[in-house]
Amino acid sequence: MRVTKYNIAEKDCTLEGFDFENVELLRYFLSSAAKADIRQAKALAKDFSKRLKHLIVVGVGGSILGARSIIEAFGAKNVHFCGNSLDFSQFNDILKNLENENYGICYISKSGTTIESSLFFELVCDSTSKENVVVISDQNSPAHKLASKKGFHFLEIPQTIGGRFSTMTAVGAFPIFFAGINFDKIFNGYIHEIKTFLKNKNQSEELCYAGARASEEAKGKRVEVFASFENFYQKLLPVFVQLVGESLGKNGKGLYPTSSNFTEDLHAVGQYLQEGRKNFVETIICSKKHKNSSKIAKKYQKINNIALNSTIEAHKKADNSIVKIELEGQDEKSAGTLLAFMQLAVIVSGFLTKTNPFGQNGVEAYKNNMRKMLNAQ
Ligand code: PA5
């Protein structure tokens, strides 16, 4: 993986004084407990997929975004997500489509109290037998208690791992394995990137990218546009929008994250990116090798690369600040590598901008208000 910057001046940044060995998230993922948790999730997912054709996953935000994006990127069609909105029609459509199918249910909520997901789980949890239902949550959360009471399967989310950092736990492992995607390879890519970073933090690609973001924000940039020319990586962009927004948008600081799919959006916001206000950083994610290696696919890949280079040239001329993140391929290992890269870059960005990337009081404020208003009904 390689990070290249355009129109962004080199700035000396150091991670001196940051005790990464004590970041609980890294300690967990490098421990044998992480591997054991995944083995347990894999065994249960295997058991479900022997008996069931479909899986309904109920959850919202960090609890489902990683798995949903990866499953969409690999094109699996047997996992259906809901509980990420309060619009009943979404949920209803899924149930209607699965009316004559056998399906399992996977409810993911770290707190076990989030209204959107708990409401839909309550509605759906008795629609299949209890051995087809798994709850993934914190130990002793209301969701865990419900699972014990009803006799559902239970997989634990490690206490120290927050929603948007939890895709490489049972949270992502269970649905991704069920979808038939090789989660082990994704996990290996993820761990390999963490180890690479820890070996050489001050020369890392993560610091290069986080340093660019921080210095551009200090110079007055206010927005970060994540973009990709590749369908595979376009599916992963919502993960990074959420990760960056919820981790770094605090204390009146942070770049506002948004995403664009190129080339489609070059025929829309492309105009703004070229000639509008220059208050943004463009982060373009691409890969060297595409999934499909047929002759015709290779021909299109070549043209897509020309579109990428043409866009970078045009945007460079327009004085845009650009970061290009290049992965090896469109495969499991690259997906894991990118996930670790982004999570680490967010932690590093937090250090550079003096922002705690963990926790999300702003989100909690909305959740608490909603609970109060519902109770007052
Ligand atoms: O990343 C986060 O922490 C959030 O987006 C949560 O995942 C989201 O709010 C859902 O919370 P919970 O998993 O407790 O239902």
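Select helix 7, residues 170-178. Its buried residues are Ala170, Val171, Gly172, Ala173, Phe174, Pro175, Ile176, Phe177 and Phe178. Buried means that 20 or more other C-beta atoms, placed from the backbone, lie within 10 Å of the residue's own; 12 or fewer means exposed, and anything in between partly exposed. Helices here are DSSP runs of H or I with at least four residues, strands are runs of E with at least two, and both are numbered from the N terminus. With 9 of 9 residues buried, helix 7 is largely enclosed by the rest of the structure. Step just past the helix to glycine 180, where phi is positive, about 90 degrees.

You are looking at a predicted model: local features need pLDDT of at least 70, side-chain atom pairs count only at pLDDT 80 or more, and totals for chains, interfaces and linings use all residues. Residues are numbered from 1 along each chain as its sequence is written.

**Next stop: helix 3**

Select residues 65-73. Here 8 of the 9 residues are buried, so helix 3 is largely enclosed too. Colour the buried ones: Leu65, Gly66, Ala67, Arg68, Ser69, Ile70, Ile71 and Ala73. Glycine 75 follows the helix, with a positive phi near 75 degrees.

**Then helix 11**

Select residues 237-248. Which residues of helix 11 are buried? They are Leu237, Val239, Phe240, Leu243, Val244, Glu246, Ser247 and Leu248. Now show what covers them. The cover includes helix 3, strand 7 (223-228), helix 10 (231-234), strand 8 (256-261), helix 14 (332-352) and helix 15 (361-375). The expected span is 1.5 Å times one less than the number of residues. For the 12 residues of helix 11 that gives 16 Å, and the end C-alpha atoms are 16 Å apart, which agrees.

**Zoom out**

Show the whole chain. It has 15 helices and 10 strands. Buried residues make up 44% of its 377 residues. Its C-alpha atoms fill a box of roughly 60 × 50 × 45 Å along the principal axes.

How values were computed. Contact = placed C-beta atoms within 7 Å.
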